[in-house]
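Please keep the sequence and the structure in view while reading.

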Amino acid sequence: MVVGIVCEDALTRAALAKLVESREGLTVLPSHADIRSTIGHYAKETPDVLIVLDKDLATDEWVMISALKTLTSVRLICVTDGDGPRTDTPVDAVVRSQEGAEGLFRALGTFAGHTPPAKVVAERRSDYGRRSKLTPREAEVAKLVSQGLPNRRIGQIMGLQEQSV
């Protein structure tokens, strides 16, 4: 199982990566210097499970995580100091810091036999005559619309005003 870690502190992230990789069958994807770049990287190389340290994320970073979760089959584990995540983003498991490594491995274990749903693949059509093509951003909005998301949520995910959707 491939795991991604979203964490502000490099030392904490390295310790978590070492801990996760100590278990057979778990690999950790590399991260970048800052959270936004890491999330962007995970959008291109999507892990099976994403471990997120709740205290490290700003609201806009949670919006990026929400978009990643909406567009991929990634499972989300939120590690928190409180009772639950500080976001409306649906998470698949919550691990309280007090639970330590046992809690984290218990959450990872729940996804061990999980087969992610098949990703929707856009149908490739041959070009019959002149057709207008969507820009990548328009295509992304169209994909979110096809998933039944309301304009307000699409605007939040894409960083647009609701009226622009």
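Helices (H or I, at least four residues) and strands (E, at least two) are DSSP runs, numbered from the N terminus. The protein contains 6 helices and 5 strands, and from the N terminus on these elements follow the order β-α-β-α-β-α-β-β-α-α-α. This is a predicted model, in which local features need pLDDT of at least 70 and side-chain atom pairs count only at pLDDT 80 or more, while totals for chains, interfaces and linings use all residues. Residues are numbered from 1 along each chain as its sequence is written, and side-chain values use heavy atoms, with hydrogens and water left out.

Of the 165 residues of the protein, 34% count as buried; buried means under 20% relative accessible area, exposed over 50%, and partly exposed in between (1.4 Å probe, protein chains only). Contact means heavy atoms within 4.5 Å. Among the contacts with a separation of 6 or more, 56% come from residues 24 or more positions apart.

Helix α3 (residues 59-71) has 13 residues and reaches 19 Å from its first C-alpha to its last, close to the 18 Å expected at 1.5 Å a residue. That expected span is 1.5 Å times one less than the number of residues. The buried residues of α3 are E61, W62, I65, S66, A67, L68 and K69, and what covers them includes β1 (2-6), α2 (35-44), β3 (49-53), β4 (75-80) and α6.

Two packed helices are described by the angle between their axes and the distance between the axes. The axes of α3 and α6 (residues 151-158) come within 8 Å and cross at roughly 115 degrees. Axes here are lines fitted to C-alpha atoms, for helices over the stretch in contact, and angles run from 0 to 180 degrees between N-to-C directions. The helices α3 and α6 are therefore roughly perpendicular to each other, a label for angles of 65 to 115 degrees. In this pairing, V63, S66, A67 and T70 of α3 meet R153, Q156 and I157 of α6.

Helix α4 (residues 100-110) has G103, L104, F105, A107 and L108 as its buried residues. Their cover includes β1, α1 (10-21), β3, β4 and β5 (93-96).

T27 lies in strand β2 (residues 27-28) and is partly exposed, with a relative accessible area of 43%. Leaving aside neighbours within four places in sequence, T27 is in contact with M1, V2, V3 and E21. The C-alpha atoms of T27 and V3 are separated by 5.9 Å, although these residues are 24 residues apart along the chain.

Key: Angles under 35 degrees count as roughly parallel, over 145 as roughly antiparallel, 65 to 115 as roughly perpendicular and the rest as oblique.
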